[in-house]
Amino acid sequence: MLFDVDGDGDKEVVDSIETPYDANRDLKYDIEVVAYDSNGNDLVALGKANVTYYDSEGREVKGALTDAGTYTLKVTSHDYKLTGTTEMTITISPVYVGGVKSGALKPLKFDDTANHGDYLPWTPYGTTITDLGLKYDTGVKADDPDLATDGKGWDSLPMDVYKVTIVNEDGEEVKKITDEGVYTVKFENRNADAQNNYPALADLTVTCIKDGKVPDEDGNWVLSHTLFSDVTYRDYFADPVAWVNHKRFMTGYGKTRVFGAYDSLSRGQVACVLYNMAVAHNKVDDSSLAYNELFGYDTGFSDVNGKAYYAKAIAWAAQAGVVNGYQDGTFHPDQAVSRQEFACMLANYAKAYGTFEAASSDALDEMSDAEQVADFAKDSVAWAVENGILGNSGYVAAGSTIIRADAACMVYNYAK
């Protein structure tokens, strides 16, 4: 028995064969059996010796020898007594599938640590099964480009073999991924032959994240939701936080990937946020701010270090009348701000640099806790509610300390 073992075009003498499944290959044409008599006549060619193939159940294989399984080749003759190798085992193994991946997924950073993940960027047109670009691991090493299907060891998933479905978090099959969320891609062999020749595949989990890309500190464009370790795509404030960070109105802490989403917002931070907004719209003249090398910015407040990170912003905010200090000459830069106080500061900004219009007298009527709004803040809170900046959940929680995530939402709503 002869068979080309190493694929070099030359057949070698073999006593068994192990080869992977190939839908386009009939081994009966690749195996050569010769049996010579003492005169050198080829008995197989003369029809004096018969070559028969049997499956693992002992049934004769009359068709193509293609499907995965274990077979036995037998050589028999009614006219001759045969010596040498008259039987041979043939093993056709199923296609190796080491795993499945989607070419549509993008690797994204969570933070400055090793945390990362692969995510599907949301598109307004949706992502179909074809768009997922499913590939399977062929088992070929990536450093062997002559053998690897695409030079990386991955090849397109044979869709005629696998039926692929996408299931949402409710267990419902969908034709395409159109919304953010976690989806399960399921694989099913289309028929018995496919199940025999190709192994079953484990489900693939795909997480879709919506909206624009923003640059990280290295200048790489990544999806916005992964910029901060404490902001996930499921959070109601994910888009606003991503947007204010992209605009540089509000950023994370130092060089970390922490936004401090649930931290309280201080008065000094508010000054910085509003200052950044004004700078972005060319509303700031830094030359009007007093500064010296020894003491830093002259804020006019006794409790503000002129060289602190918020000093310049506070000096501007006080000068612009956007954030005011107290009668005793202090500013209290580290004091937490309430939701109604932030509404007032944002309204002051709108009066100075935007288009502020007083709200109607019934603007707060739909708010379940309207009576809790302090008198000093009613006009500003009403303005914020009427313009969709605050109270979109049916309440304002006026006296509650505002968290940085909610401040981002208010700035985002105002800017929109």
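Tutor: Asp55 is buried, with a relative accessibility of 18% (buried is under 20% relative accessible area, exposed over 50%, partly exposed in between, with a 1.4 Å probe and protein chains only). Bear in mind that this is a predicted model: local features need pLDDT of at least 70, side-chain atom pairs count only at pLDDT 80 or more, and totals for chains, interfaces and linings use all residues. Numbering runs from 1 along each chain as its sequence is written, and side-chain values use heavy atoms, without hydrogens or water.

Student: OK, so which residue does Asp55 form a salt bridge with?

Tutor: Arg59, with 3.0 Å between the closest N and O atoms (the criterion is a side-chain nitrogen of Lys or Arg within 4 Å of a carboxyl oxygen of Asp or Glu).

Student: And is Arg59 buried or exposed?

Tutor: Arg59 is exposed, at 53% relative accessibility, whereas Asp55 sits at 18% and is buried.

Student: How many salt bridges turn up in the whole structure?

Tutor: Seven. One of them joins Lys186 and Asp203, whose closest N and O atoms are also 3.0 Å apart. This pair links distant parts of the chain, 17 residues apart: Lys186 belongs to strand β16 (residues 181-189), and Asp203 to the loop between α3 (192-197) and β17 (204-209) (helices, H or I and at least four residues, and strands, E and at least two, are DSSP runs numbered from the N terminus).

Student: How accessible is Lys186?

Tutor: Lys186 is partly exposed at 34%, and Asp203 is partly exposed too, at 43%.

Student: What about Asp30, what does its side chain meet?

Tutor: Arg25, in a salt bridge of 2.6 Å, N to O. Asp30 has a relative accessible area of 24%, which makes it partly exposed, and Arg25 is partly exposed as well, at 26%.
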